[in-house]
Amino acid sequence: MNAADAVYVEEGRIKAIGRKEELKLQLTGRRVRTVDWEGAVVLPGLSDAHMHLSMHGMKLDMLDFSSAASKEEMLRLLRERAALTPPGEWILGLNWNENNFTPAEAPTLEELNAVSERHPIFLTRTCFHAYLANTEAYHRAGVAADTPDPKSGAFGRDESGQLNGWVYEEASAAFTKVQPEPDYAVKKEAIRRAWLDALRLGLTAAHTEDLRFLGSIETMLQICHELREEEGIAFRTHQLIYYPFLAEAQERGLRSGAGDEWLRIGAVKLFADGAIGGRTALLQAPYSDAPQTRGMAIHSEEGIAAIVREARRQGFPIAVHAIGDGAADLTLRAMEQFPLAQDSRLPDRLIHAQVLDAGLVRRMATLPLAADIQPRFVASDFPWVLDRVGPQRTEYLYAWKKLSAAGIVCAGGSDAPIEPLNPLLGMHAAVTRRKPEESHEGYLPEEKLTTAEALALFTSGSAFAAGEARERGSIEVGKFADFTVLDRELEGDPQQLLDARVRMTIVNGKIGYQA
């Protein structure tokens, strides 16, 4: 099969693989369109197993702090946006990370107020679990120093009990609720931008959860249908259902696996904890650099059990955001208490799985689940994450090699817009466990993956998590004709992953992108 240099596609599926001359003979007399890849390297279609298309699309049109290297630069970008924004309108920004600043400081409430007292300012940290607000934003949200914290969140306060500008987890709802609601056209354009950007980066599909932005399953289905049928954009989506929308899913009679070759319904999404950066990820023992906290559980054990029970009643697997080992334990207990139906087409998912231990990995290996991992987090989180968790927890920190050795299938994603959507950057992080500009042996190098293993995260691993291993994830006769065409081989020097360029993205036998 290594000698094969051509594939024949019919009705979106691979019908034959072989030598070009042989296939031409077999197809004599048929009208066949030929696409010459001109010696390019053809991979199985890459698929991002965990991202948010809507927010990635919005990010492409928002104030983005990804490139900010300091608090001062962040404030400069804010001042520039304030000068262009009519007084009274919201200034929204995202993707700032104070851990990458020198010194590692975020803007203070006073500094945000100095930028503008006439604009409400609300900024989303790179983890999407912590936020910054100015005083005008607090006023709009109806939040004062004596406002009680919500059950699954907190308003940051200084030692005297006054608001300090920080907002954590679901306390952000008070601010998003009073922001202008995007209309249908804005929502559709965000998804459209994201689809086209994904295709440009070589992605043939994405597993996404967008209902918190789109507002309803009906809107999600309508937008995807219009982009596919009216605009002809060739892109696949696997749609996770955020748990508050289970009632709508039941009304529409939706089950996991429902859909067609372009859109399928996936698992029910919920959060067990937050993020390590803001110390809201739930750990079993206190944070090493903040012994006063273990993080934050988004739901109680009973609360998670109730959600999982309802998801199972409706025939859904679950996909649970669980970064800390405490959250992983809560999640696995729920999965063990309410087992996935044996005839389920899709596995459960443990999303992120960044802080684990040997016992948790053994329990994961006994369950029908996929580890939904994001390799780029290593490039963003190290070395500061080592101070957060301490040396006693590093053995199973972002431990992808150990997960694979235990027989747990890992699916690779970006968590865009939190990390860059480019899957080759994710693969580079999996292979090197360092930032692209660094040259050391990598953080916890024993957990490095080979290039082939990294590729599998975004091909066969992603297909497994979607319950589509028999349909996608490899180039085989009978599977869907999804291909990512690159200008070079990826094996060898990891620099190839950074230098490679996408020449073509083919989905279901259709050209979705061509350079």
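## Aromatic pairs

Rings of Phe, Tyr and Trp (its six-membered ring) count as a pair if their centres lie within 6.5 Å; planes under 30 degrees apart are called stacked, over 60 edge-to-face, and the rest tilted. In this predicted model, local features need pLDDT of at least 70 and side-chain atom pairs count only at pLDDT 80 or more, while totals for chains, interfaces and linings use all residues. Residues are numbered from 1 along each chain as its sequence is written, and side-chain values use heavy atoms, with hydrogens and water left out.

Searching the whole structure gives 11 aromatic pairs. One of them joins Trp166 and Tyr168, which are stacked at 5.8 Å centre to centre with 10° between the planes. Trp166 has a relative accessible area of 18% and is buried (under 20% relative accessible area; exposed is over 50%, partly exposed in between; 1.4 Å probe, protein chains only).

## The Trp195–Phe235 contact

Trp195 and Phe235 make a tilted pair, 5.7 Å centre to centre and 50° between the planes. Trp195 belongs to helix 7 (residues 184-200), and Phe235 to the loop between helix 9 (217-229) and strand 12 (236-242), so the pair ties together parts 40 residues apart in sequence. Helices (H or I, at least four residues) and strands (E, at least two) are DSSP runs, numbered from the N terminus.

Trp195 is buried at 1% relative accessibility; Phe235 is buried at 1% as well.

## Cluster and charges over rings

One aromatic cluster consists of Phe122, Tyr131, Tyr138 and Phe175.

A charge sits over a ring if NZ of Lys or CZ of Arg is within 6 Å of the ring centre and within 35 degrees of the ring normal. The charged end of Arg228 sits over the ring of Trp262, 4.0 Å from its centre. For Arg433, the charged end sits over the ring of Trp400, 4.6 Å from its centre.
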